[in-house]
Amino acid sequence: VTPGVDRGLTGRQPKAVQSALAVLEEVARAGAGVTAKEVAEELGLPPATTYRLLNLLVGEEFLVRLPDLHGFALGRKAASLAGGPGLLQVPTAVREVVAEIRGRVRHGVHLVLVAGTTLHPADTDPDHPLRSPELLQRHLHASAVGKVLLADAPDWRDVVHPRRLQALTARTVTRGADLEAELRLVRARGCAVQGGQLHEDVSCAAVPVRSPAGVLVGVLAVSAAGADPGPCAAAAATLGDPAVRLGPLLG
Amino acid sequence: MSERTPVDLLPSRSPVAGLRRRGLTFAEVLAQSVSALAPSAAMVTVPAIVLVQAGAATLPGLVAATVLVLLVGWCLTHFARRMAAVGGTYSYTAKGLGPVGALFGGWALAVGYGAVSMSALVGAALYLAGLVGLGTSPPVVAATAAVVGLAVVVTTVRGIQLSARVALALEVLSVGLVAAVLVVLLLSPRGGTGATAVVDAAVRPEGLAFAVVLGVTAFMGFESATTLGVEARRPLVAVPRAVLWTPAVAGVLVVLAAAAQVVLLRRAPLDVLTGPVPVGELADREGLAVLGRLLDAGIAASFTACVTGSTNALSRVLFTMGREGVLPRALGRTHPAFDTPHVALGVVLPAVVGVPVVALLTGARPRPVLTATLTVSAFGYVVAYVLACLAVPLFLRRIGELTRGALVAGTAAGVLWTLGLVAALLAAPGRGAGAASAAFLASLVPAVAWVVLLRVRAPGRLAAVGLYDSPTPASVAPGQRARARRGGGR
């Protein structure tokens, strides 16, 4: 055991990377609450190595050490891994609810799924496609969908770095305090609205979809051309009921 | 799937919520530990004192002290990689020794942080007042201390990030100044023989022991990054790293500074060694008075950063105790806008500023106040370290992750540091520090009363001891199964 263990692994240590992935996999397989000793026994790894790898994965937030301090569970970063694009199956019942909204709303209607701290545009409007799903996923502070996710986090600074709020347009919120105030508003209204913050000429509004247990599982969003968020906000006001219906279907 | 998983039982909110989460970079976390340690003040004051007593044993003694501190640091990383604490070694101790051991350790830690804040405040005021030519009479130093104290109040309440950055800047400035002064003095051509008789005195066991014990005190505060569990980004990585890097870097700095001073003092007159800062004295005599002033500025900066760092750490220990309910709950409140434990700071800072100011105004000389409070704080730190190190093997055994290395390190650190503490307590009266060791022992009396009172009147509150930034549902992946029962079917 050396004090330098938390300096991480280099690419020249394939064995260590394999072992770390095996540890991650074992925690996922065994279930929440599995102990370090059980992981070591199951994998046949030396205990000290296992403890070191577990601490490393906890430090990087792929795993979480539960409050009893001896059980482990998958962390939110592991959830982000699991929900990669293409892996998410959207149930037909969900697609039907979204299609029903599209029938009565004149703007683009999108369902974005939430896995951990990542967004997955799962059912985007074929008639009004998202301009850039990549930007949506990368810049959570600039889109209405991202703001719903950030407002749900216990502290948004855990998710995006407060000093890396990139200005995508002149309207993008780039100051931590301003974003904080916006998120407070999102929580109070149960709806996020933005105009021209991600793309100059697109506005968007979004409402959270929660599982019956209250966990944020998706975001329902309306997008429209123009920097004035008014029309989107008006359309989003009618999304409350569909969001409630989607919750049990997704979580 | 109807069974409740451990994930379902997570509290919806961290028990130490309210502090600004995950804002500090690694450099800022490191700054907390480095500032509480005050390396530049240690670089110029400690080697000279050790040299007088230990002669040629100085360098080996300081290296041994660095190793001993690194041993404690390594022990603390076992906790720091596993829990994001706000109460520092107090919270760590709770996980190994239980609430009673933790309360004693926490009390000692609070005495350590509190006393060193007072000491550093007097130090900062002393050097600042000297620097701007106000003289060093007690009332002047008291007034300067009050001004410095006010500045510290503003930065610590305003936010941890601000105070960490200020501390980092002050430390970089002061270490740079001290290093520059030492290099210039080393390069200035000068012959002659000086205090070689003292500097190169033969190695004696008691000299070596003195060098180790005093050397160790130069590192006190290195663990204070352990109070930033909530405020650091990636705390389970940054905090253990800071706890190991701080003593390693400070050890190199102190040993190098000592080596430079050995060379310098070899060619200096003997009486230079009797002053508080021989390097400054030497600069003055070489006609380089400006270097002496620079050195004073560096020391003042380092002491100021130390007040900030130590009060930040102390306030977070008291904040944790407030949240647990073993101290008044109000201490656990945080400022709505700045997210700092402003109530705890509001209790701590008047005491830290008030005690030395009153002592000075009632006629105490600044330097004895500085050394007495420093001695008291050293005792406090050592008790806290000993308990935390002894807690390591117990904690790891409880969670089923004990390794041979941790068992040996924790036990060795606990035993060695206890020996050092006993030796220092026994030797203190002969070295004029009897009052300080008596004051420290007296300061433990309220701790006993506090623990007994809690045990008798509110045993339920003891169970809460050991709160840390534990995970919430938001930090785990949703929809996980519970672990299958061992031996049973799935």
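Q: Okay, starting with A:Asp125: is it buried or exposed?
A: A:Asp125 is buried, with a relative accessible area of 2%. Keep in mind that this is a predicted model.

Q: How do you get from 2% to "buried"?
A: The cut-off for buried is under 20% relative accessible area, so at 2% A:Asp125 counts as buried.

Q: Which side chain does A:Asp125 meet in a salt bridge?
A: That of A:Arg102, at 3.4 Å from N to O. The pair links distant parts of the chain: A:Asp125 is in the loop between β5 and α6 (133–138) of chain A, A:Arg102 is in helix α5 of chain A, and they are 23 residues apart.

Q: And what about A:Asp123, which residue does its side chain meet?
A: A:Arg102 again, in a salt bridge of 3.2 Å, N to O. A:Asp123 is buried because its relative accessible area is 7%.

Q: Which residues end up joined into one network by shared partners?
A: A:Arg95, A:Arg102, A:Asp123 and A:Asp125 are joined by salt bridges that share partners.

Q: Why would side chains pair up like that?
A: Side chains of opposite charge can pair when their charged atoms come close.

Q: How many salt bridges are there over all chains?
A: A search of the whole structure finds 26. One of them is between the side chains of A:Arg245 and A:Glu100, at 3.1 Å from N to O. That pair also links distant parts of the chain, with A:Arg245 in helix α10 (residues 240–250) and A:Glu100 in helix α5 (residues 92–104) of chain A, 145 residues apart.

Q: How accessible are A:Arg245 and A:Glu100?
A: A:Arg245 is partly exposed, at 34% relative accessible area. A:Glu100 is partly exposed too, with a value of 46%.

Q: New topic: how many residues of chain A are in contact with chain B?
A: On the chain A side it's 46 residues, and they are in contact with 47 residues of chain B. The area buried between the two chains is about 3800 Å², and carbon and sulfur atoms give 52% of that.

Q: What does the rule find across the interface in the way of salt bridges?
A: Two salt bridges between chain A and chain B. In a salt bridge of 2.5 Å, N to O, the side chain of B:Arg234 meets that of A:Glu60. Across the interface there are also seven residue pairs in polar contact.

Q: Which element gives the most to the side of chain A that touches chain B?
A: That's α3(A), with five residues. By class, that side of chain A has 23 nonpolar, nine polar and 14 charged residues.

Q: Tell me about α3(A), then. How many residues does it have?
A: It has 13 residues, and from its first C-alpha to its last it reaches 18 Å, close to the 18 Å expected at 1.5 Å a residue. Several of its residues are buried, including A:Tyr51, A:Leu54 and A:Val58. The buried residues of α3(A) pack against α1, α2, β2 and β3 of chain A, together with α9 (235–266) of chain B. Just after the helix, A:Glu61 takes a positive phi of about 70 degrees.

Q: Where is A:Thr50?
A: In that helix, α3 (residues 47–59) of chain A. A:Thr50 counts as buried, because its relative accessibility is 0%. Leaving aside its neighbours within four places in sequence, A:Thr50 is in contact with A:Ala36, A:Val39, A:Ala40 and A:Leu45.

Q: Last one: where does A:Gln197 lie?
A: In the loop between β6 (192–195) and β7 (202–210) of chain A. A:Gln197 is buried, at 7% relative accessible area.

Q: Which side chain does it make a polar contact with?
A: The side chain of A:Gln197 makes a polar contact with that of A:Glu182, at 3.4 Å. Beyond its neighbours within four places in sequence, A:Gln197 is in contact with several residues, among them A:His141, A:Leu168 and A:Val173.

Methods:
Residues are numbered from 1 along each chain as its sequence is written. Chains are lettered from A and ligands numbered from 1 in the order in which they are written. This is a predicted model: local features need pLDDT of at least 70, side-chain atom pairs count only at pLDDT 80 or more; totals for chains, interfaces and linings use all residues. Side-chain values use heavy atoms; hydrogens and water are left out. Helices (H or I, at least four residues) and strands (E, at least two) are DSSP runs, numbered from the N terminus. Buried means under 20% relative accessible area, exposed over 50%, partly exposed in between (1.4 Å probe, protein chains only). A polar contact is a pair of N or O atoms within 3.5 Å; within protein, one must be able to donate a hydrogen and the other to accept it, and residues adjacent in sequence count only if both atoms are side-chain atoms. Contact means heavy atoms within 4.5 Å. Buried area is the accessible area (1.4 Å probe) that two parts lose on being put together, summed over both. A salt bridge is a side-chain nitrogen of Lys or Arg within 4 Å of a carboxyl oxygen of Asp or Glu. Ala, Val, Leu, Ile, Met, Phe, Trp, Tyr, Cys and Pro count as nonpolar, Asp, Glu, Lys and Arg as charged, and the others, Gly among them, as polar. The expected span of a helix is 1.5 Å times one less than its number of residues.
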